[in-house]
Amino acid sequence: MGKLLGLWRKKAMMYDADSSFNKMKKREIIMKDYLVKGLAYNGQVRIIAARTVDTVGEAQHRHYTWPTASAALGRSMTFGVMLGSMLNNEDKLTIRINGGGDLGTILVDANANGKVRGYVTNPQTHFPLNSIGKLDVRRAVGTDGMVTISKNIGLQQPFVGQVPIISGELGEDFTYYLAQSEQIPSSVGVGVIVNPDNTIQAAGGFIIQALPGTAVEIIEEIEKRLDRIPTISAMVRDGLTPEEILTMVVGEGNVKILETQEVLFQCTCSKDRSTKVLVSLGSAELQDMIETDGQAETQCHFCNETYQFNKSELEAMLEQAV
């Protein structure tokens, strides 16, 4: 199984984002973002696939990301929402990636209900295409750092898994995380295509996991199929549904869909939460805001939403502060 797992890790790089400058095909199918979860090969393999075009597009619009940053953030958000779909009820997770590259930190929050949000430290990061004509995510992310995933699953302390970045392309790094931290032989495909005007043309992903006891022959068959199929971003661009993507990966007649879930960008920030943050600064800080500016503004890192507070609102907070 160790050798096979190594093969799965190597194959993950194949499914990262296509360049915005590749030849594009007009998609004839218009659909909303969603993901599907299921099983294949009589329950021996867990399968998940997602379309995240509008979700990544919303992040791009809110953060004004440039193409390479969009690809990195989009891949991370897509993986986050798929991984989050394995959680239960009110559980949630946070993905933090920092490889020492110009992009800085990638931070993604996702929950069990298809909601995801994310941002990068330096959204206006972009480089020329790499040697194979792809967006150079590896250069933007860097390879000297860690992928850290924290899961809040109702325990006193969150479950935290951490692995070194081995690629910087992210698909292979997420595959490595699942293999090392969660001990599940997996293949992760994530991809984004960025239009010349910086908008998102295609985004999506899949996770294939061999459950305990999966026959070696089945793993080998899936590996052969992974060698032959188009990139995940190309499949989304060409209008394939998540169900059809899974059929491409595991074969006709092998897909049993158990659940379908809407996917969307959704932030948990609000003016009430911002009020609590300001109150927590203390009376001295609030008094200084009142006397110096007579107003205050907060901004959410995850969605760039801003909240304005006038003098009377600050004075009301002052009464609550310590």
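Guide: On a 1 Å grid over the protein atoms alone, a pocket is an open set of points where a 1.4 Å probe fits, with protein on both sides within 12 Å along at least five of seven lines; lining residues have an atom within 4 Å of a point. This is a predicted model, in which local features need pLDDT of at least 70 and side-chain atom pairs pLDDT 80 or more, while totals for chains, interfaces and linings use all residues. Residues are numbered from 1 along each chain as its sequence is written, and side-chain values use heavy atoms, without hydrogens or water.

Visitor: Which residues lie nearest the centre of the largest pocket?

Guide: Strand 3 (92-98), strand 4 (106-111) and strand 5 (115-120) each give its lining at least two residues; strands (E, at least two residues) and helices (H or I, at least four) are DSSP runs numbered from the N terminus. The lining has 16 residues, and nearest the centre are K92, D109, N111, R117 and T268.

Visitor: Which are the edge strands of the six-stranded sheet?

Guide: This open sheet has mixed pairing and the order 7-6-3-4-5-11, where a pair needs at least two DSSP bridges. Strand 6 (residues 146-152) runs antiparallel to strand 7 with six bridges, and K151 has F159 as its bridge partner in strand 7. The strands that pair on one side only are strand 7 (159-164) and strand 11 (264-265).

Visitor: What angle does helix 3 make with strand 4?

Guide: Helix 3 (residues 67-84) packs on that sheet, in contact (heavy atoms within 4.5 Å) with strand 3, strand 4, strand 5, strand 6 and strand 11. Axes are fitted to C-alpha atoms, for helices over the stretch in contact, and angles run from 0 to 180 degrees between N-to-C directions. For helix 3 and strand 4 the angle is about 25°.

Visitor: And in the five-stranded sheet, which residue of strand 9 is the bridge partner of I47?

Guide: The order there is 8-9-2-1-10, with antiparallel pairing, and the edges are strand 8 (186-194) and strand 10 (255-262). Strand 2 (residues 45-51) and strand 9 (residues 200-210) are joined by seven bridges. In strand 9, I47 is partnered by I208.

Visitor: How many disulfides are there?

Guide: A disulfide here is a pair of cysteine sulfur atoms within 2.5 Å. The nearest cysteine sulfur to that of C267 belongs to C300, 3.5 Å away. For C303 the nearest is that of C269, also at 3.5 Å. By this rule, the number of disulfides is zero.
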